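Please read it alongside the sequence and the model.

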Amino acid sequence: MKMLINVPETVVADALHGMAAAHPELTVDVENRVIVRRDAPVAGKVALVSGGGSGHEPLHGGFVGPGMLSAACPGEVFTSPVPDQMVRAAAAVDSGAGVLFIVKNYTGDVLNFDMAAELAEDEGIQIAKVLINDDVAVTDSLYTAGRRGTGATLFVEKIAGAAAEEGQPLERVEALARQVNENSRSFGVALTACTTPAKGSPTFDLPAGELELGVGIHGEPGRERRAMMTSGEIADFAIHAILDDMTPRNPVLLLVNGMGATPLLELYGFNAEVHRLLAQRGVVVARTLVGNYVTSLDMAGASVTLCQVDEELLRLWDAPVKTPGLRWGV
């Protein structure tokens with residue numbers, strides 16, 4: 001496979017150097033693998049820290065900045081960051097108001113963030129944690145016990161980040177993050193496998209003319225494989241899977257997310273199908289976000305995430321945000 005890299009061993013470091021050059025508003029510690037908003041710590045403000053394996057960009061480093069994360073910890077490709085990174089990030093952004101760890105439900109991330117929380121608390125930093133587990137496709141997978149954390153991570157980081165930016169206390173920011181996760185469901189579909197730089201070939205075998213329904217963001221197996229389907233048929237499968245697991249009584253936020261290699265032309269067409277199906281089911285869409293936000297390297301495919309919102313959650317979603325990967329109202 002052709003890739004725009006130097007050597008696989010330096011892919012993450014090279015990307016962090018490039019991010020630092022493009023975004024002087026961030027402090028990027030390439031050696032220690034920590035990305036911090038340059039004005040941190042902000043007096044009196046709860047800090048939000050997240051992280052995970054690289055390869056999902058702009059998640060998480062691209063969501064560092066006013067209105068979202070205070071810091072992010074990138075691991076190697078599809079590999080959890082280590083506790084030392086998380087402790088270093090927490091110490092860099094803690095103003096004394098506490099730090100919220102936002103953790104996707106993958107075994108390595110959970111174990112390392114748990115260990116980091118203990119170490120940070122030993123250093124006098126108040127830590128709260130929220131686990132993201134929105135994927136309805138499977139209960140357990142190669143990397144998880146329970147449901148996987150996927151697209152809802154963006155909703156949690158944005159809404160909790162807006163609450164923290166307003167100066168809300170740690171207990172309230174944590175409660176809002178939990179509410180968003182509990183109100184969110186996701187389902188993903190792969191049209192192709194992804195290719196990690198170290199392997200140089202697809203991470204799993206997906207024959208031509210087939211797709212994987214319910215795929216994870218590392219290429220984990222989903223519910224089933226089928227012959228290639230139309231955009232409308234894929235949307236129908238995804239929406240049925242989500243609405244079989246939730247019954248929205250409030251308007252929803254909708255994320256139509258590309259897995260990395262699907263062009264916007266296709267994603268917008270897919271979004272039209274999703275809107276059509278939600279309207280048929282009587283689901284009111286309050287806001288829609290379309291694009292590549294929670295990706296899987298060069299995988300072609302898409303995921304759908306719905307989050308039920310009340311007036312407060314919608315207000316916090318609409319609040320200004322200024323990050324490399326998400327920006328409005330500023």
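Helices (H or I, at least four residues) and strands (E, at least two) are DSSP runs, numbered from the N terminus. The model is a predicted one, in which local features need pLDDT of at least 70 and side-chain atom pairs count only at pLDDT 80 or more, while totals for chains, interfaces and linings use all residues. Residues are numbered from 1 along each chain as its sequence is written, and side-chain values use heavy atoms, with hydrogens and water left out.

**Lys104**
- Lys104 belongs to strand 5 (residues 99–104) and, at 2% relative accessibility, counts as buried (under 20% relative accessible area, with exposed over 50% and partly exposed in between, for a 1.4 Å probe and protein chains only).
- Its side chain makes a polar contact with the side chain of His60 at 2.8 Å, a polar contact being a pair of N or O atoms within 3.5 Å, where within protein one must be able to donate a hydrogen and the other to accept it, and residues adjacent in sequence count only if both atoms are side-chain atoms.

**Backbone around His60 and Pro41**
- His60, found in the loop between strand 3 and strand 4 (71–77), is joined to Leu59 by a cis peptide bond with omega of about -5 degrees.
- A cis peptide bond with omega of about -5 degrees also joins Ala40 and Pro41, and Pro41 lies in the loop between strand 2 (34–37) and strand 3 (47–54).

**Positive phi**
- Phe78, although not a glycine, has a positive phi of about 55 degrees, and lies in the loop between strand 4 and helix 2.
- Leu297, which is not a glycine, has a positive phi of about 55 degrees, and at 24% relative accessibility counts as partly exposed.
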